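Please keep the sequence and the 3D view open while going through them.

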Amino acid sequence: MKSAFTLTVVIIGLTLVACAVPQKAGNRRAEKQLAALDKATRAGRSAYLAGRFHAAAAHYERALELARLRDDVVAAPVQAYNVAVAQAALGRHDRALALLREARYRASDDRDLAYRIDLFGVEVLRSAKRTAEALDLLGEMQIRYPQRAPVLILRAVVLLDRGDLHGAAAFESLARSQARQEPSVSSVHAAHLLAALALERGEISQAIGHARTMITAARRIENPNRLAAVSYTHLRAHETT
């Protein structure tokens, strides 16, 4: 009996960012704009969680329009990011990347948000099969955010996308540590990497175990507080005589 399976995973959404607007309204017009921004954001989030990505994109576009109108330095990068997440879920990679460029520019003073935007940019490039550009962005990220495990693990996964198993294997020890952490996008990537390397060695049972770990983590991070829209081909395991 010979077993074989193939496995791929692409994270097409990271975390939708809740947008709390701290500015105080100075007049009734500003109050109405704040209320409309909040309403559009909530509607976008609800639609996204329900898998209605077209509706989510439309609501977030409205929220982004209002944030731009207000020249809101807090809400504008967040809403650009959220629209990008919805657009990526629809497979509109160029539109998502354009929005991420805007979000990244506007979030230049928010290091944490900029980091999340960059990570998602790599995911969109992966989904668009633009591997060379994904590696270029990761190279920039390794300079901006040195020694951050999620960046290194994502680099290994992009190397896998390119068929560079030798290069990806250099991150195996880190992946084993990362896969044991609390479920996150990075732990999903780490388990994916371990599964692919085990498969290459013919270690089928270990590969299946890592794939199941990947799927469990992917499902657990699909929640309102840490949402990931995960597209993966589970195990395609079959037996041949």
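This is a predicted model: local features need pLDDT of at least 70, side-chain atom pairs count only at pLDDT 80 or more; totals for chains, interfaces and linings use all residues.

1. Confidence at the start of the chain. For the protein as a whole, the average pLDDT is 81, and 81% of the residues score at least 70.

2. Residues are numbered from 1 along each chain as its sequence is written, and side-chain values use heavy atoms, with hydrogens and water left out.

3. The overall picture. The secondary structure comes to eleven helices and four strands, where helices (H or I, at least four residues) and strands (E, at least two) are DSSP runs numbered from the N terminus. Of the 241 residues, 49% count as buried; buried means under 20% relative accessible area, exposed means over 50%, and partly exposed lies in between, with a 1.4 Å probe and protein chains only. Among the contacts with a separation of 6 or more, 64% are accounted for by residues 24 or more positions apart.

4. Helices H3 and H5. Two packed helices are described by the angle between their axes and the distance between the axes. Helix H3 (residues 75-89) and H5 pack at an angle of about 20°, with their axes 11 Å apart; the axes are lines fitted to C-alpha atoms, for helices over the stretch in contact, and angles run from 0 to 180 degrees between N-to-C directions. H3 and H5 are therefore roughly parallel to each other, since angles under 35 degrees count as roughly parallel, over 145 as roughly antiparallel, 65 to 115 as roughly perpendicular and the rest as oblique. The crossing of H3 and H5 is left-handed, a term used if the near helix is turned anticlockwise from the far one by less than a right angle, whereas clockwise gives right-handed. The residues of H3 that meet H5 include Tyr81 and Val85, and those on the H5 side include Ile117 and Phe120.

5. Helices H4 and H5. The axes of helix H4 (residues 93-106) and H5 come within 10 Å and cross at roughly 165°, which makes H4 roughly antiparallel to H5. H4 passes H5 in a left-handed crossing. Among the residues that make the contact are Leu97 and Leu100 of H4, together with Ile117, Phe120 and Val124 of H5.

6. Helices H7 and H10. What angle do H7 and H10 make? They pack at about 40°, with their axes 9 Å apart, and H7 and H10 are therefore oblique to each other. H7 passes H10 in a left-handed crossing. Ile153, Leu154 and Val157 are among the H7 residues that meet H10, where the partners include His189 and Leu193.

7. Two buried helix residues. Alanine 56, found in helix H2 (residues 53-70), counts as buried at 0% relative accessibility. Not counting residues up to four places away in sequence, alanine 56 touches Gly44, Ala47, Tyr48 and Ala86. Glutamate 172, which lies in helix H9 (residues 172-179), is buried with a relative accessible area of 13%. The side chain of glutamate 172 makes a polar contact with the side chain of arginine 176 at 2.9 Å; a polar contact is a pair of N or O atoms within 3.5 Å, and within protein one must be able to donate a hydrogen and the other to accept it, with residues adjacent in sequence counting only if both atoms are side-chain atoms.

8. Two loop residues with positive phi. Most residues other than glycine have a negative phi. Lysine 129, in the loop between helix H5 (111-127) and helix H6 (131-144), has a positive phi near 60° and counts as exposed at 72% relative accessibility. Glutamine 147 sits in the loop between H6 and helix H7 (149-161), has a positive phi of about 65°, and is exposed with a relative accessible area of 70%.

Terms used:
pLDDT is the predictor's confidence in each residue, from 0 to 100. Contact means heavy atoms within 4.5 Å.
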